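Trainee: Hi, could you walk me through this structure? I'd like to talk about charged pairs and then a pocket.

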Amino acid sequence: MERGDLAGLSSQTLRALDLPALPRGARLSSGKVRDVVTIGAEMLITTTDRISAFDRVLATVPCKGEVLNTLTLFWFERTADIVPNHLLERVSARTVRVARCEVVPVEVVVRGYLTGSALRDYEEGRPVSGIRLPPGMRPNQRFAEPLLTPSTKEAGGLHDRPVSREELLAGGLVPRGAWEEIERTALALFRRGSEVAAANGLILVDTKYEFGTRNGRLTLVDEVHTPDSSRYWYADTYAQLFAAGERQRELDKEYLRQWLLARGFRGDGEPPAIPGEVLLEVAWRYVTAWQTITGSAFSPGSLDAAGESALVLELARRAAAAAGT
């Protein structure tokens, strides 16, 4: 796909599913990016083209939902030998049918480098999720071993709260044995992600994982190693930029965050209007991430908003009928 192709797709973005007549027993819920229809033991998850920053939904970006969904499918396939995932069926470029899991109430962040919120904590003298880092580290420095830094999953729009391993276990959020399995699995996923990224000239800097249980087994849920859940840098310029103390070349949605910060927006108040050319730049960065991570050419195949809604509604009706609701 070429950058110029994106302009013609701006009118085909999906802001939200239009499901006016869900069958009895089906329930629609929405997050910042995903619309989810739950029917019994299954869910239909549609990754929309909404984009958020600072916990605010701001606009829609061409191809974003398809990029995130199909990239997660790419990673599910490459990590299935490490841990099972909740996927049952790919429905469309944006929508999947998955098994409903008992979600672990902890977000698992693995960090390979001192950057982002970990750097802010370090520079202010605070531990990173209870981990005391050695003195003298520099911004964007690689850790000797990846750090696993959990945070709580807060409801009601509240910000997730970093938590130490000791606090997590003492508070009974996750049983010790289950948490130890999550730690091993998350680090194995990060190693696999780093290997695949390195083969395509990238550094997987940090990422988040979400887990659930299905029939008593640990199961990977949500998105995996996408530009929304992960930070990527280009490997070929890392050492030079690190030595010079300069900003790394990024391949994620940090571009939009920086654009907003430059205009004084940090999540409070009215956000600035985002010009079309900025949204197209964001879209191109998502497509570039997809093409670089997978080593393949991206060819958009999303349905329009009406077609996606009709497909999900029909599948919800079939699932409800099969469940006898």
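Trainee: Let's start with Asp-228: is it buried or exposed?
Mentor: In this predicted model, Asp-228 is buried, because its relative accessible area is 15% and buried means under 20%.

Trainee: What does its side chain pair with?
Mentor: Asp-228 forms a salt bridge with Lys-64, at 3.0 Å from N to O. Asp-228 sits in the loop between strands S12 and S13 and Lys-64 in helix H1, so the pair ties together parts 164 residues apart in sequence.

Trainee: And Lys-64, buried or exposed?
Mentor: Buried, with Lys-64 at 0% relative accessibility.

Trainee: How many salt bridges does the structure hold?
Mentor: There are 25. One of them joins Arg-126 and Glu-124 at 2.3 Å, N to O. Glu-124 is exposed at 52%, while Arg-126 is partly exposed at 39%.

Trainee: Which residues are linked with Arg-247 in a network?
Mentor: Arg-247 is linked with Glu-250, Glu-254 and Arg-257 in a network of salt bridges. For Glu-250 and Arg-247, the closest N and O atoms are 3.3 Å apart.

Trainee: Switching topic: how much space lies in the second largest pocket?
Mentor: About 230 Å³. Of the 14 residues lining that pocket, Tyr-113, Arg-142, Phe-190, Ser-194 and Leu-204 are the closest to its centre.

Trainee: Which element gives the largest share of that lining?
Mentor: Strand S10, with 5 residues. S9, H4 and S11 each supply at least two residues as well.

Trainee: What classes of residue make up the lining?
Mentor: The second largest pocket is lined by 9 nonpolar, 2 polar and 3 charged residues.

How values were computed
Residues are numbered from 1 along each chain as its sequence is written. This is a predicted model: local features need pLDDT of at least 70, side-chain atom pairs count only at pLDDT 80 or more; totals for chains, interfaces and linings use all residues. Side-chain values use heavy atoms; hydrogens and water are left out. On a 1 Å grid over the protein atoms alone, a cavity is a set of points where a 1.4 Å probe fits but cannot get out, and a pocket is an open set with protein on both sides within 12 Å along at least five of seven lines; lining residues have an atom within 4 Å of a point. Grid points are joined across faces, edges and corners, and a volume is the space filled by probe spheres set on the points. Helices (H or I, at least four residues) and strands (E, at least two) are DSSP runs, numbered from the N terminus. Ala, Val, Leu, Ile, Met, Phe, Trp, Tyr, Cys and Pro count as nonpolar, Asp, Glu, Lys and Arg as charged, and the others, Gly among them, as polar. A salt bridge is a side-chain nitrogen of Lys or Arg within 4 Å of a carboxyl oxygen of Asp or Glu. Buried means under 20% relative accessible area, exposed over 50%, partly exposed in between (1.4 Å probe, protein chains only).
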